[in-house]
Amino acid sequence: MNLLWLQGLTCSGNTQSFLCAENPSADEVLGMFEVLFCPFSSWEVDMEEVILKLLRRREELNVLILEGAVGGSDHRVCKRSFAEVVRELSRRADYVIALGNCAVFGNIPAKYDQEVKGLQYRFKQMGGVLGRDFRSRSGLPVINLSGCPAHPSWLSYVLLQILSQRKIELDELGRPKELYAYLTHHGCIRNEYFEWKVEAEELGKKEGCLFYYFGCKGPMTHSSCNRILWNGLSSKTRVGMPCVGCTEYDFPREGMLETRHLMGIPDELPLGVSKRGYILISGIAKTFAPERLKKRLMDEDSKETAQQD
């Protein structure tokens, strides 16, 4: 199978992420394909020559990966608008993958230009550059790997599924269910604090739930960040940083590190939880929270004193 990787309006964050892929590495995954062009490995290849060859139908295209949003008419390649080229190549590809939130939803570039879109979405509005009814030659819509950036293993998973001709089940936003059916909340090691409503007092610490005051979107965000760990060992919430919901269409939002409240209740509640249920359960949980959760996991003061001695 051959593969073409193009970049639209991007910071190359998804490229940087994929270069950190492990077991298998980025080289091992791409080595299973005939790479026609890839921005970080095809320095001796003329991208426009490759695109022209495909547009002139001198070669089939199996997998098209787009990283970054698609801009307006000012963005040109092969003397044509980039959007037009992407539309034509997408129609000819067996599989089309939007890699990262800008390629999926338009996201940050789309906030500043009405013409900027993702491949099949503009934020939550379906349509995008390819239109709402787009299907690649395999019959699938765009395979959306949202995230800022997308986890390297998510791209590896999809490419290996394609290579082995296994079915890829997608959710209502075109994201693989195997990766996005879960919430960031699932697998978070702070879940016991969440259940007993023990709040974190500051960022970067091991103790407390980051949902109540620091804007953590883990209970509302579809991702497997706490199941498929970054660099095989960590995630934002594990190091004391709230989930900022970077796999969802409304990323980035204002006030990402704060939880807005109305009469003491968070404006946005965990998925599937009613306001009445939240008030009832959180009140009981806070009252009966285990004492051990209110203490530091490690006594930092004692450790510092021992070091000084």
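UniProt positions are given in the numbering used here, feature names are shortened, and annotations may be inferred rather than shown by experiment. The model is predicted: local features need pLDDT of at least 70, side-chain atom pairs count only at pLDDT 80 or more, and totals for chains, interfaces and linings use all residues. Residues are numbered from 1 along each chain as its sequence is written, and side-chain values use heavy atoms, with hydrogens and water left out.

The protein contains 11 helices and 11 strands. Helices (H or I, at least four residues) and strands (E, at least two) are DSSP runs, numbered from the N terminus. Along the principal axes, the C-alpha atoms fill a box of roughly 70 × 50 × 35 Å. Of the 309 residues in the protein, 52% are buried; buried means under 20% relative accessible area, exposed over 50%, and partly exposed in between (1.4 Å probe, protein chains only). The accessible surface comes to about 16000 Å², and carbon and sulfur atoms hold 50% of this surface. Accessible areas come from the Shrake-Rupley method with a 1.4 Å probe, and for residues only the protein chains shown count as cover. Among contacts (heavy atoms within 4.5 Å) with a separation of 6 or more, 69% involve residues 24 or more positions apart.

An open sheet is formed by 5 strands in the order E2-E1-E3-E6-E9, with parallel pairing. Two strands pair if DSSP finds at least two bridges between them. The edges of the sheet are strand E2 (34-37) and E9, each of which pairs on one side only. Neighbouring strands are turned by 25° against each other on average, direction ignored. For such angles, axes are lines fitted to C-alpha atoms, for helices over the stretch in contact, and values run from 0 to 180 degrees between N-to-C directions. Strands of a sheet pair through backbone hydrogen bonds, either parallel or antiparallel.

Strand E1 has 5 of its 6 residues buried, so E1 is largely enclosed by the rest of the structure. E1 pairs with E2 in the parallel sense over 3 bridges, and Leu3 stands opposite Val35 in E2. The parallel pairing of E1 with E3 extends over 5 bridges; here Leu4 stands opposite Leu64 in E3. Strand E3 (residues 61-67) also pairs with strand E6 (residues 93-99), in the parallel sense and over 6 bridges. Within E6, Leu99 is the bridge partner of Glu67. Helix H7 packs on the sheet and touches E1, E3, E6 and E9, its direction making about 170° with that of E6. Helix H3 (residues 47-55) lies across strand E1 (2-7), E2 and E3, and runs at about 125° to E1.

The feature "binding site" is placed by UniProt (unreviewed entry) at Cys11, Cys102 and Cys148. Although these positions are spread over 138 residues of sequence, they cluster in space, with a largest C-alpha distance of 10.1 Å. Cys102 belongs to helix H5 (residues 101-105) and counts as buried at 19% relative accessibility. Beyond its neighbours within four places in sequence, Cys102 contacts residues including Leu9, Gly68, Ala69 and Lys117. Cys148 is found in the loop between strand E9 (143-145) and helix H7 (152-163). With a relative accessible area of 35%, Cys148 is partly exposed. Leaving aside neighbours within four places in sequence, Cys148 is in contact with Cys246 and Phe251.

Two further positions were examined. Glu88 lies in helix H4 (residues 82-92) and is buried, with a relative accessible area of 18%. The side chains of Glu88 and Arg80 are joined by a polar contact of 2.8 Å. A polar contact is a pair of N or O atoms within 3.5 Å; within protein, one must be able to donate a hydrogen and the other to accept it, and residues adjacent in sequence count only if both atoms are side-chain atoms.

Pro270 is located in the loop between strand E11 (265-266) and helix H10 (275-287). Its relative accessible area is 8%, and Pro270 is therefore buried. Not counting residues up to four places away in sequence, Pro270 touches Phe194, Phe211, Pro219 and Met220. Pro270 and Pro290 are 20 residues apart in sequence and 22 Å apart in space, C-alpha to C-alpha.
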